[in-house]
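Please consult the sequence and structure shown here while reading.

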Amino acid sequence: MSRGAAGWCCLVLWLPTCVAAHGLRIHDYLYFQVLSPGDIRYIFTATPAKDFGGIFHTRYEQIHLVPAEPPEACGELSNGFFIQDQIALVERGGCSFLSKTRVVQEHGGRAVIISDNAVDNDSFYVEMIQDSTQRTADIPALFLLGRDGYMIRRSLEQHGLPWAIISIPVNVTSIPTFELLQPPWTFW
């Protein structure tokens, strides 16, 4: 009975308080901002995994977003050293979302952002779910639109950079709408 009462109290008082107290859940969005390189200095939208992975307990003002090598991150990473204590950007495909998350976690990553492998995807979020292995992962796992992932990787390649610098998570409710710089290729 008290469990239900606490849930109702949370709902009645203020929904964002409930989200902050219990972490992000399915159908919630999480935002991050690319700080460098400047040509993709936008606020990107991602969705958390449905039934695996952790939540962000800390806001990272500046942390590296490191593209995994190989991009699908289904096994040993040749740049795993650079992913330690950072966030990995990986591509969908080759193995389960959970497998990718575990590979990044085993390399010491703080989180993983998995972009769709369909680079023309600029509007459809995939629901990342647990595979049938009964394994778990503790780090946050987020899904990013394919076009967004492609544009981040392309910018890094054009500038010869090994990683982007991002801020994550970003509270977009505190940013005036006219200052909310979202990627121009993504329209809602």
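**Basis and a covered helix**

A residue is called buried when its relative accessible area is under 20%, exposed when it is over 50%, and partly exposed in between (1.4 Å probe, protein chains only). The model is predicted, so local features need pLDDT of at least 70 and side-chain atom pairs count only at pLDDT 80 or more, whereas totals for chains, interfaces and linings use all residues. Residues are numbered from 1 along each chain as its sequence is written, and side-chain values use heavy atoms, with hydrogens and water left out.

Helices (H or I, at least four residues) and strands (E, at least two) are DSSP runs, numbered from the N terminus. Helix α4, residues 97-106, is mostly covered, with seven of its 10 residues buried. These are Phe97, Leu98, Ser99, Lys100, Thr101, Val103 and Val104. The elements covering them include α3 (80-83), β4, β5 and β6. After α4 comes Gly108, which has a positive phi, near 85°.

**Nonpolar cores**

A nonpolar core is a set of buried Ala, Val, Leu, Ile, Met, Phe, Trp, Tyr and Cys residues joined through side-chain atoms within 4.5 Å. The largest has 24 residues, and Phe32, Leu65, Ile87, Ile113, Ile152, Ile166 and Ile168 have the most contacts inside it. At least two residues of this core come from each of β1 (30-36), β2 (43-48), β3 (60-67), β4 (87-91), β5 (111-115), β6 (141-144), α5 (146-159) and β7 (164-168). Another core, of 23 residues, lies apart from it and includes Ile83, Val103, Val104 and Val126.

Contact denotes heavy atoms within 4.5 Å. Leaving aside neighbours within four places in sequence, Leu65 is in contact with Phe32, Ile87, Ala88, Leu89, Ile113, Ile152, Trp163, Ala164 and Ile166.

**Annotated glycosylation sites**

The UniProt annotation "glycosylation site" covers Asn121 and Asn171; UniProt positions follow the numbering used here, feature names are shortened, and annotations may be inferred rather than shown by experiment. Asn121 is found in the loop between β5 and β6 and is buried, at 9% relative accessible area. Not counting residues up to four places away in sequence, Asn121 touches Asp116, Leu145, Gly146 and Arg147.

A polar contact is a pair of N or O atoms within 3.5 Å; within protein, one must be able to donate a hydrogen and the other to accept it, and residues adjacent in sequence count only if both atoms are side-chain atoms. The side chains of Asn121 and Asp116 make such a contact at 2.7 Å. Asn171 lies in the segment after β7 and is partly exposed, with 46% relative accessibility. Its side chain is joined to that of Thr173 by a polar contact of 2.4 Å.
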